[in-house]
Each structure stands twice: as C-alpha cells, then as structure tokens.
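Hello,

Here is the structure I said I would pass on. Please look it over before reading my notes.

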Amino acid sequence: MKQEELTKKLAEWGEPPYRARQILTWIYQRGASTYQEMTDLPESLREQLSTEWAPLSSEVIEKSRSSDETSKLLLRLHDGELIETVIIREGDRRTACISTQVGCPVACIFCASGLDGVSRNLKPHEIVEQVLAVNRSLPKENKLTNVVVMGSGEPLLNADNLIEAIRNMNEPSLMGFGARRVTVSTVGLPDRIRRLADVGLQLNLAVSLHAPNDTLRKKIIPTARPIADILAATDVYQTKTGREVTFEYVLLKGVNDAPEHASELARTLGRRQCLINLIPQNPVPGVDLCAPDRAACELFQSILQNAGHRTTLRKTKGQSIDAACGQLRRRKQGSQSA
C-alpha cells in the first residue's frame, strides 16, 4: 500500500497523517513484521490494524545456513506458492539474491528453477518483501549492502513489477536503497534491455550468456535470442546509463568449458568494456551436468584475461543448503506432495 493510500485509510479512522509514516518506517527501516512491534502506535490502533490488514503478505517458513555462511530463506506467499531468497556473505558485502517469478519459463538446461515451468509473476510487494526478510535475518550492525535479481524467474518478463519494487526500495522515506547497489540479471531480451535503459535508474545489468555462439547457446538456453542483438542492446544500455555490463557464463563440464570456447567468447565480446563473471555449475538433483575442475576453470579465465578481458571466477557457495536457484523450493514441494 502506498503512503498516500495508507494515509487516506487511516484518516477515515480519525488518525493523523504521520501515522502512515510511522507504520511504513517500522516495516521498511526497523524490520517490523507485526503491528505489536510498533510500540509508538496506540494499542487501539495496533489492534485495529491487525483486524484490517497483514503488515506483510509472505512469511519465512524455512531458514538454512551453510558452513561458508551462505543462507537461504524459503518464503510462503499469500496463495501458498513458495519462493527463495539467498543471502551471500563475502567480506564486508552482504548480498540478497531475490526472485521475480514463481518458477521460471526460460528452461536453461543447468537450472532447477525452470524444471517445473513458471506459475506466475511476483507482485512488487512480494519482490520487496524478500529484501525486508533478508534485512530482518541480519544483525542490525550488518545490514544488506547489495541486491542481485538473480533468483528464480526472468526479471525482464516481469519488468513493470520489478521496476516498481526497485523504486520503492530506492525511495528515501522507505528503504533508501541506492539503485547502483542493485544488479538485474537477464537471459538477454534485447527489446526489454533497451526499455530498461530508459527507466531513469542506474541499475547494474548482468546478461547470462553461457556460450560464445548462437548454436551452442540454443542448446543451453532453448529460448535464446541472437547474441548480436543482445550485444547491440547492452551497448545502448551502457551508453544511456553509464553503467558497465557484466556477462555471466556458467561453466558446464564438457559443454561450454573448452579453451576454444574461451577464445571464441573473447572474440565475440570484442573490445567492449565489460566484466565476464565465470560461474562453475552448482550441482542440481535431476540435472546431469557438473562444473569443470578448478584447473579447467582457471585456464578458461586466463585465456579471457590474456585477450584483455576483465574476468572473475566465482567461488561455489551454499551447496550444502541447496543454494542454487529453485533447489530448496523443489525439495519442499516434493516433501509436501510425498
């Protein structure tokens, strides 16, 4: 509910306008999940609010944490659907990896999110509530520093709701979370990338490339658009926003990890100023794919670096807690149906 709408509703009860600000401050900045925590509201108002509206539409039903301090939250939405949010800790950075859809329609061959298709888009408040849930789970002195929209779903297929959610997060009177600390990851939808460039938010953009050519990419991502069209759109995005684009590449043993793939990828990206993020595959039950060994990953990285490309090799995290997209949701659904 927007502040203006909440103010109007409360006015019907005879409450002053500042009550709406108090309520939203409790939810967005102080991490309240119940009205009883809002101790500067009159008891009578807290009781009336409790009978009218839930402060949040989702609840965390399961938490897990791995030895590398990666955490995963499983949230149940108002209609019983399940979504996941991952908390990644790396030095002073605490990053929330959030979802935009229940399931995913893209069906990348290595990912658990798309194994059961997509149920629906998440609404703006359901996207924001994942970030609020992460903040509530962290110590007050170690709040969230970054958000990556890399969980279940294709974010640009739910662009309107995602942008509204990010604007709410960005609003100084609510969460005040800077747009430059948000990264949107897409499989590469050229028209929607161009549209994202025009929304007036300096978001970081990450494109899931996963192959150096269209033939191989179609085998990995059946719905893949032509790489040339994607690169043209990312060039527009970088020019309009001034934000460098990241290209993500999941390394799949025996599929896209050969030295010649690295050389071809370097040629495909040309002289673009970008970051290539190499991601060894996380094991996924039911998916017969795995990561190359460390030496093969490092060789792939060195070929790109020698060609002049800035490249990172991501550490594998959270395997003990099903941290890869969609895994915990599928396990939970399986246990419920058993």
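This is a predicted model: local features need pLDDT of at least 70, side-chain atom pairs count only at pLDDT 80 or more; totals for chains, interfaces and linings use all residues.

Residues are numbered from 1 along each chain as its sequence is written, and side-chain values use heavy atoms, with hydrogens and water left out.

**Sheet.** There is an open sheet of 10 strands with mixed pairing, in the order β1-β2-β3-β4-β7-β8-β9-β10-β11-β12. Its edge strands, β1 (59-65) and β12 (310-313), each pair on one side only. Neighbouring strands are turned by 20° against each other on average, direction ignored. Helices (H or I, at least four residues) and strands (E, at least two) are DSSP runs, numbered from the N terminus. Two strands pair if DSSP finds at least two bridges between them. Axes are lines fitted to C-alpha atoms, for helices over the stretch in contact, and angles run from 0 to 180 degrees between N-to-C directions.

**β8.** Strand β8 (residues 182-186) runs parallel to β9 (residues 204-208), joined by 4 bridges. Ser185 stands opposite Ala206 in β9. With β7 the pairing is also parallel, over 3 bridges. There, Val148 has Thr183 of β8 as its bridge partner. Is β8 buried or exposed? Of its 5 residues, 5 are buried (under 20% relative accessible area; exposed is over 50%, partly exposed in between; 1.4 Å probe, protein chains only). Val182, Val184 and Thr186 cover one side, Thr183 and Ser185 the other.

**Helix α4.** Helix α4 (residues 124-137) lies across β1, β2 (71-76), β3 (82-90), β4 (93-97) and β7 (146-149). It runs at about 45° to β3.

**Core.** A nonpolar core is a set of buried Ala, Val, Leu, Ile, Met, Phe, Trp, Tyr and Cys residues joined through side-chain atoms within 4.5 Å. The largest has 94 residues, and Val147 and Leu203 have the most contacts inside it. Leaving aside neighbours within four places in sequence, Val147 is in contact (heavy atoms within 4.5 Å) with residues including Ala96, Val131, Phe177 and Val182.

**Pocket.** A pocket is an open set of points on a 1 Å grid over the protein atoms alone, where a 1.4 Å probe fits, with protein on both sides within 12 Å along at least five of seven lines; lining residues have an atom within 4 Å of a point. The second largest pocket is lined by 27 residues. Met1, Lys2, Leu24, Tyr28 and Pro55 lie nearest its centre. The largest share of the lining, 5 residues, comes from α4.

Best wishes
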